[in-house]
Amino acid sequence: MAQLTQQCLPTVLPIFRYLPAKLGDVLGQVPEKGPAGLESGSLRVDSVIQRPIEGVVAVILAGGIGARVGLPIPKQLIPLAGRTSLEHTLAVFDSAPGIDSIIIMREENHLGEAAKLLGSGRFAKLKLVLPSGITRNDTSRAVLAAITDINAKVLFHDAVHPLVDHRILQDCIGALDSYDAVDTAIASADTIIEVNSESCISAVPRRSTLRRGQTPQAFRRGVLERAYRLAASDAKFEATDDCSVVLNYLPKTPIFVVNGSEANIKITEPVDIHIADKLFQLRGFSHPGRNISHGSLAGKSIVIFGASYGIGRDLADILSGVGAVVHSFSRTTTGTDIRRREAITTALNHAMATSGRIDHVVLTAGILHMGPLTQLPEDELAESIDTNLGAPIRIAQASHPHLKNSGGSLLFYTSSSYTRGRANYGVDSATKAAIVNLTQALADEWAADGVRVNCINPSRTSPPPCARRPSARRTPAPC
């Protein structure tokens, strides 16, 4: 049991508060006006700055309409793994140590979506939403005007790089202690060629000296402001990013390059949506480092199906230890067969009668039948599908009214086997993958009801003796 706890449960306590509601409902309709001072056509920032913007400032660039993606919504608002790209990006910066404030730069016709994030209370470091400029450079000038601290460290990051991580952010912030300008890039695994106007190769640069640029780009505010001041007097000025401005107008200022990540992809083409969604599925969840008090779960009414052994029992013990009111159900201890809808309803009604509310519902129960698919008996096939897929669906249906009333959450446990099918585990892997997709679908459906839906996919664990399979083909249903 200790090994189970060590491997699978460090994320359990914060899971009920940190993992988001489905934030990707495209954030509703665009209002006629954004926050005060952001009326259509306005680039004024003085009327919306209510507090000093200083220290380490992250600027999320969320302009662009994403025409190449081919969807009717801006690419920053495309749902990915339960959130929009913009919200994934915001969550990384908001939870990153060392970031003091966040500014969103958004196209003025879509300011309403970003303004809702500002007023939601979900992102404590989000201080300001401003309309983007006509050009990328106009946007940067507006940011510089909004930041009061001339010595501020300013990180510019494109919202369509939602897989940026804390390591990259910390490297950029740290590099500004020694340099005034920093870029993020990765080595190119491909040969890069130059072509002329006739699409013929004109040069093949040495790959060892080439990097593929990513974001963030980071600067001392005063240095970037000085570069833009010099650029303003150049009638031929043109740049698509801020490092180019510093490189061209402050050529003696070194621009340090920190290592990016292959996973830090930019969502530009339709295929990028699918790649990013899969990367989010494969990415291991790590708690962002906030000091979430375990006391926040004290008094919460939590229902656990499958709580007689293993992860379910450990989870029940830990939650009880921090003051939660845990209602444990299983086939062994309470006779609760999650394949039967009436058994699920009886369990939930018991929890309601005892506590008067249900804040969270957790499902850890499942069954594993191993062996070649051609030799799988019909009864074992039906049991696998009904327990591992049918039961979660029925539990979701029965739990929804209670969780809607409490603004609570539904949490599934599957396993890392959802990522690919393996010989002799075909039905098990298929049902695990189905639960991951069910989680994403329900997160979309239930967002408007304020219900969070999430899934934990632990790697292989060392189970207690009662879960060890008695034969080469089969493990019993959870006790």
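Predicted model: local features only at pLDDT ≥ 70, side-chain atom pairs only at ≥ 80, totals over all residues.
I'll start at one residue. Leaving out residues up to four places away in sequence, asparagine 457 touches Thr414, Ser415, Ser416, Tyr418 and Val436. Touching, or contact, means heavy atoms within 4.5 Å.

Residues are numbered from 1 along each chain as its sequence is written, and side-chain values use heavy atoms, with hydrogens and water left out.

Back to asparagine 457. It sits in the segment that follows β16 (452–456). Helices (H or I, at least four residues) and strands (E, at least two) are DSSP runs, numbered from the N terminus. Between asparagine 457 and serine 417 there are 40 residues in sequence, but the C-alpha to C-alpha distance is 8.2 Å. Is asparagine 457 buried or partly exposed? Its relative accessible area is 26%, so it counts as partly exposed. The cut-offs are under 20% for buried and over 50% for exposed, with partly exposed in between, using a 1.4 Å probe and protein chains only.

Now the whole chain. It has 14 helices and 16 strands. Of its 479 residues, 51% are buried. If we take contacts between residues at least 6 apart in sequence, 76% of them join residues at least 24 apart.

Next, a sheet. In what order do the 7 strands of the open sheet lie? The order is β5-β4-β1-β6-β10-β7-β11, and the pairing is mixed. Two strands pair if DSSP finds at least two bridges between them. At the edges are β5 and β11 (255–259), each of which pairs on one side only. On average, neighbouring strands here are turned by 25° against each other, direction ignored. For angles, axes are lines fitted to C-alpha atoms, for helices over the stretch in contact, and values run from 0 to 180 degrees between N-to-C directions.

Inside this sheet, β1 and β4 are parallel and share 6 bridges. As for the helices, α4 lies across β4 and β5 and runs at about 170° to β5. Helix α8 (residues 242–249) lies across β6 (153–158), β7 (181–187), β10 (211–220) and β11, at about 75° to β10.

In α5 (residues 136–146), the buried residues include Asn137, Val143 and Leu144. The buried residues of α5 pack against β1, β4, β5, β6, α7 (221–231) and α8. In α7, the buried residues include Arg221, Leu224 and Tyr228, and their cover includes α5, β6, β10 and α8.

In soluble globular proteins, nonpolar side chains tend to be buried together. A nonpolar core here is a set of buried Ala, Val, Leu, Ile, Met, Phe, Trp, Tyr and Cys residues joined through side-chain atoms within 4.5 Å. The largest has 31 residues, and the members touching the most others are Leu90, Phe93, Ile99, Ile104 and Leu155. Two or more residues each come from β1 (56–62), α3 (85–95), β4 (101–106), α4 (111–120), β5 (126–131) and α6 (166–175). Apart from this core there is another of 30 residues, among them Leu61, Leu128, Val143 and Leu224.

β14 runs parallel to β12 (residues 301–305), joined by 4 bridges, and phenylalanine 305 stands opposite leucine 363. β14 also pairs in the parallel sense with β15 (residues 409–413), over 4 bridges. From β14 the chain crosses through helix α13 (residues 378–406) to β15, and this β-α-β crossover is right-handed. Right-handed means that, with the strands pointing away from the viewer, the path from the first strand over the helix to the second runs clockwise.

Last, the cysteines. How many disulfides are found in the whole structure? The search finds 0. A disulfide is counted when a pair of cysteine sulfur atoms lies within 2.5 Å. Cysteine 200 is partly exposed, at 40% relative accessible area. Cysteine 243 is in no disulfide, and the nearest cysteine sulfur, that of cysteine 172, is 9.4 Å away. Cysteine 243 is buried, at 6% relative accessible area.
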